[in-house]
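Hi,

Here is the structure I said I would pass on. Have a look at it first, and then read my notes below.

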Amino acid sequence: MSQDCIFCKIIAGEIPSAKVYDRGGVYAFLDIAPVNKGHALVVPKKHHATLFDLPDDLGREMLAALKAVGRGVMAATGATGLNVGMNNYESAGQLVHHAHFHLIPRHAGDGLTLWTQHAYENVEEMQKLARAVVQAIG
Ligand code: AMP
Ligand code: ZN
């Protein structure tokens, strides 16, 4: 547990939450400021800061939780779609430094735009970047 982490405090029961899932190493609760009502956060019970800090063997459990909670949120809200999102590091909008997945229920025509998209200068620019990513992955 990280002393000054609000999600660690929620998981420990020190701060109330609208809990929707509590199995194995995973906990989920409703976001207090939902993008759409039913917006849920799925978090590892142990404090890990970002996706890159999550142990690989937690992945299977996290995926099972994302599917279970996602299905539950969709059924309870009548949503016909679901966005799964994750902010990693402050540049990407991460405010709480305890890794968490956002599950956002979506309804046809709800008008929500998550991000704007841009064009590459040309195909070569895109291919060059793809090669750099491949090289970085190793
Ligand atoms: P992020 O910007 O990805 O770090 O998202 C943090 C999320 O945590 C935001 O969507 C907040 O609305 C949500 N949040 C912060 N405090 C609480 C809380 N006490 N209970 C539920 N959700 C919270
Ligand atoms: Zn934490």
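**What I found**

H48 is buried, with a relative accessible area of 16%; buried here means under 20% relative accessible area, exposed means over 50%, and partly exposed is in between, with a 1.4 Å probe and protein chains only. You will find H48 in the loop between strand 3 (40-44) and helix 2 (59-77). Helices (H or I, at least four residues) and strands (E, at least two) are DSSP runs, numbered from the N terminus. The side chain of H48 has a polar atom 3.4 Å from the backbone oxygen of D53. That is a polar contact: a pair of N or O atoms within 3.5 Å, where within protein one must be able to donate a hydrogen and the other to accept it, and residues adjacent in sequence count only if both atoms are side-chain atoms.

Some housekeeping before the rest. This is a predicted model, where local features need pLDDT of at least 70 and side-chain atom pairs count only at pLDDT 80 or more, while totals for chains, interfaces and linings use all residues. Residues are numbered from 1 along each chain as its sequence is written, chains are lettered from A and ligands numbered from 1 in the order in which they are written, and side-chain values use heavy atoms, with hydrogens and water left out.

**The chain as a whole**

There are 3 helices and 5 strands in the chain, and from the N terminus on the order is α-β-β-β-α-β-β-α. The C-alpha atoms fill a box of roughly 50 × 40 × 25 Å along the principal axes. Of the 138 residues in the chain, 30% are buried.

**Around the ligand**

Where does ligand 1 sit? Ligand 1 is in the largest pocket. For the record, a pocket is worked out on a 1 Å grid over the protein atoms alone, as an open set of points with protein on both sides within 12 Å along at least five of seven lines. A molecule sits in one if more than half of its atoms lie within 2 Å of its grid points.

The shell around ligand 1 holds 16 residues, and the closest are D31, G93, L95, H100 and H102; a residue is near if one of its heavy atoms lies within 4 Å. By class, the shell has 10 nonpolar, 5 polar and 1 charged residues. The classes go like this: Ala, Val, Leu, Ile, Met, Phe, Trp, Tyr, Cys and Pro are nonpolar, Asp, Glu, Lys and Arg are charged, and the others, Gly among them, are polar. Helix 1 (6-11) and strand 2 (26-30) each supply at least two residues of that shell, and helix 1 gives the most, with 3 residues.

- D31 has a polar side-chain atom 2.5 Å from an oxygen atom of ligand 1.
- H100 has a side-chain N or O atom 2.7 Å from an oxygen atom of ligand 1.
- N87 has a side-chain N or O atom 2.8 Å from an oxygen atom of ligand 1.

The protein covers 83% of the 510 Å² of accessible area that ligand 1 has on its own, with areas from the Shrake-Rupley method and a 1.4 Å probe.

**The loop between strands 4 and 5**

Both N88 and Y89 belong to the loop between strand 4 (81-85) and strand 5 (101-106). N88 is buried, at 15% relative accessible area, and a polar atom of its side chain lies 2.9 Å from the backbone nitrogen of L51. Y89 counts as partly exposed, at 46% relative accessibility. Have a look at the backbone of Y89 too, as its phi is near 75 degrees, a positive value in a residue other than glycine. Most residues other than glycine have a negative phi.

A65 is in helix 2 and is buried, with a relative accessible area of 0%. A65 and R23 are 42 residues apart along the chain, and their C-alpha atoms are separated by 8.2 Å. P44, in strand 3, is buried as well, at 1% relative accessible area.

Cheers

Notes: 1 Å grid on protein atoms, 1.4 Å probe; cavity = no way out; pocket = protein on both sides within 12 Å on 5 of 7 lines; lining within 4 Å.
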